[in-house]
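Subject: Structure handover

Dear colleague,

Here is the structure for your files. Please look through it first; notes on what was found follow below.

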Amino acid sequence: MQGCRKISLAILLTVVCAGLAAAQAPAYTATLQNQVTTNSCSAGEPVALSGTISYQVAVSTDPTTGANTFTITASSNLNGVGQTTGGNYTAGDSSDYIVSSTQPSTEAVVEFKSDLTSQGSAPSMTLVQTLDIVVDASGNISAQVTGNTTQCGN
Amino acid sequence: MVGKKVIFGFGLIIIVALAAAPAYPQSCGAPGSNSNVNFNLHQPISQTVTNSCASPAATVTLGGEFFFEFHCETKANGDFHEHWTSHYNLTGVDTATGVKYVGKDQQNYDLKMDPDGTFPPVPTSDFRTNDKFKLIAQGPTPDLTMTQSLHIKVDANNIATVQKDGNPVVKCSK
């Protein structure tokens, strides 16, 4: 009897852990290595970015329409070095993009904004990264950073 | 002719009918035609947000407009693409301190549209996103970053719907 309980508990834990792993594991992580931003901020400077952008994907299908809903979460964890001052910057943020389509795959080019926070006396800026994302109904994703610009508002 | 409408939700849905004269009222255009459909909406804004960066939290009155541009393009290979730009042209005033904020920002998207299954195919689109825009303090107080969730749909008649999902989330900037 006790043996059965242990087996049931083990199965339950395995199922729970597997579910958590599927929900939490990044579908795809892109590494940036010294990607230099284009600065459009008069008080700012170009910044060489390094770190990661992780993408998580969830796909669901509407049983009535057959349309797929692609839910994409992009999360950044970046460090930067100012190309003029040598100062350090950090950026970390996330954003959700949800696209519905009857097609087996979809493509979205989106702007991903985050604060590029100065760790010194240089002013902080807004980092605008252009992400080209292709995802299919199996949850396979490919993504590229096709642009890095900085802004500082007005 | 099918007029274009943009629906923008602020709690209650406001329907704005734009006096547009679409060249291709039923779709972006025939595949391979490289044709375009354009329209835009200027939506005046008058609302308050809570500045949780201030201590104690303060109320900021926002004025100005959200301005949305939609551009549908038929690629030579037959794909339909939607180019969407959200513009934010805002001013704000902290009702307690009088500190002013200016927000002039935009966010761009290029999405592959979804053919509706008819022949010839008619493009539609349904996506949700979170626009981020800055409110720059006009004084020695922190800037604010606003995140606004939007649900944007374009149906087979080129009717675009912009639904604001909830109120903007305010985050402090350095």
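Two residues are in contact if their C-beta atoms, placed from the backbone, lie within 7 Å. The contact between the chains takes 22 residues from chain A and 22 residues from chain B. On the side of chain B that touches chain A, the elements giving two or more residues are β6 (100–112) and β8 (123–137) of chain B; strands are DSSP runs of E with at least two residues, helices are runs of H or I with at least four, and both are numbered from the N terminus. That side of chain B divides into 10 charged, seven polar and five nonpolar residues. Here Ala, Val, Leu, Ile, Met, Phe, Trp, Tyr, Cys and Pro count as nonpolar, Asp, Glu, Lys and Arg as charged, and the others, Gly among them, as polar.

This is a predicted model, in which local features need pLDDT of at least 70 and side-chain atom pairs count only at pLDDT 80 or more, while totals for chains, interfaces and linings use all residues. Residues are numbered from 1 along each chain as its sequence is written, and chains are lettered from A and ligands numbered from 1 in the order in which they are written.

The chains also meet through strands. Strand β7 (residues 105–118) of chain A and β6(B) run antiparallel and are joined by three bridges; two strands pair if DSSP finds at least two bridges between them. A:A108 has B:L111 as its bridge partner in β6(B). B:L111 is also the bridge partner, in β6(B), of B:E82.

Within chain B, β5(B) and β6(B) pair in the antiparallel sense over 13 bridges. They form a hairpin with five residues between them, and B:G98 in the turn has a positive phi of about 80°. β4(B) and strand β5 (residues 80–94) of chain B are likewise antiparallel, joined by 15 bridges, and B:F70 has B:W84 as its bridge partner in β5(B). In the hairpin of β4(B) and β5(B), with five residues between the strands, B:G78 takes a positive phi near 95°. The loop between β3 (36–51) and β4 (58–74) of chain B holds B:P56, which is joined to B:S55 by a cis peptide bond with omega about 0°.

Beyond its neighbours within four places in sequence, A:I72 is in contact with A:Y55, A:V57, A:Y97, A:I133 and A:V135.

Two residues of strand β1 in chain A complete the notes. A:Y28 lies in this strand (residues 28–36) and is partly exposed because 18 other C-beta atoms lie within 10 Å. Not counting residues up to four places away in sequence, A:Y28 touches A:Y55, A:I141 and A:A143. A:N34, also in β1 of chain A, counts as exposed because it has 9 C-beta neighbours inside 10 Å. Phi of A:N34 is near 55°, a positive value in a residue other than glycine.

Regards

Methods. Buried ≥ 20, exposed ≤ 12 C-beta atoms within 10 Å, placed from the backbone.
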